[in-house]
Each structure stands twice: as C-alpha cells, then as structure tokens.
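Biologist: Can you bring up the model? I have a few quick things to ask about it.

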Amino acid sequence: MTKRVTRMFIQLVLFVGSFILMLWLITPLIDYLFANSSRGVTFSINILLFPLLLVASFLLTTLIYEKLEDLFSP
C-alpha cells in the first residue's frame, strides 16, 4: 500500500513541476509572439492552450517517471 502511495505522490510532484515549468516557458513566448495584439487576444490564446499544457504535462510526467523507475529498478 505504501509503495503505491509513494508512487502516486512522486507522480503528482512531477506533474505539478512539469506543468509549472511549461507554463513558465510558454506564457512569455505567447506574450512575445502576440505583442502587437491586444491583451485579450494573448489571454484567450493562453486559455486555449491550457488543455494542451495539461496533456503535455501528463505525458512528460509519465516519461520522466518511467525513466526514473527504470533507473532505480533492481
């Protein structure tokens, strides 16, 4: 039971970390690309990309966790 809880906790930490990292990288890029547009346009694009960020964070979390699991498996 504790191994499963530890695994879920590690995956949760990886997910939140990867989501924050991608949000931190993508948001300024969108602001730079659409600097000539109004603030509402950049906000709308950020909102539209939110589901994509969630999916990408999940995939990145899965990839990192599998690599860590392979690295530390006996």
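**Working chat**

Biologist: Is tyrosine 32 buried or exposed, and why?
Modeller: Tyrosine 32 counts as exposed because its relative accessibility is 66%; exposed means over 50% relative accessible area, buried under 20%, and partly exposed in between, with a 1.4 Å probe and protein chains only.

Biologist: What kind of model is this?
Modeller: This is a predicted model, where local features need pLDDT of at least 70, side-chain atom pairs count only at pLDDT 80 or more, and totals for chains, interfaces and linings use all residues. Residues are numbered from 1 along each chain as its sequence is written, and side-chain values use heavy atoms, without hydrogens or water.

Biologist: Where is tyrosine 32 found?
Modeller: In helix H1, which covers residues 2–33. Helices here are DSSP runs of H or I with at least four residues, strands are E runs of at least two, and both are numbered from the N terminus.

Biologist: How many helices and strands in the chain?
Modeller: The protein chain has 2 helices and 0 strands.

Biologist: Switching to overall shape. What is the radius of gyration?
Modeller: The protein chain has 16 Å, whereas a compact globule of 74 residues would be near 11 Å. That radius is taken over C-alpha atoms, and the globule rule is 2.2 Å times the number of residues to the power 0.38.

Biologist: And what box do the C-alpha atoms fill?
Modeller: Roughly 55 × 20 × 15 Å, along the principal axes.

Biologist: How much of the chain is buried?
Modeller: Of its 74 residues, 16% count as buried.
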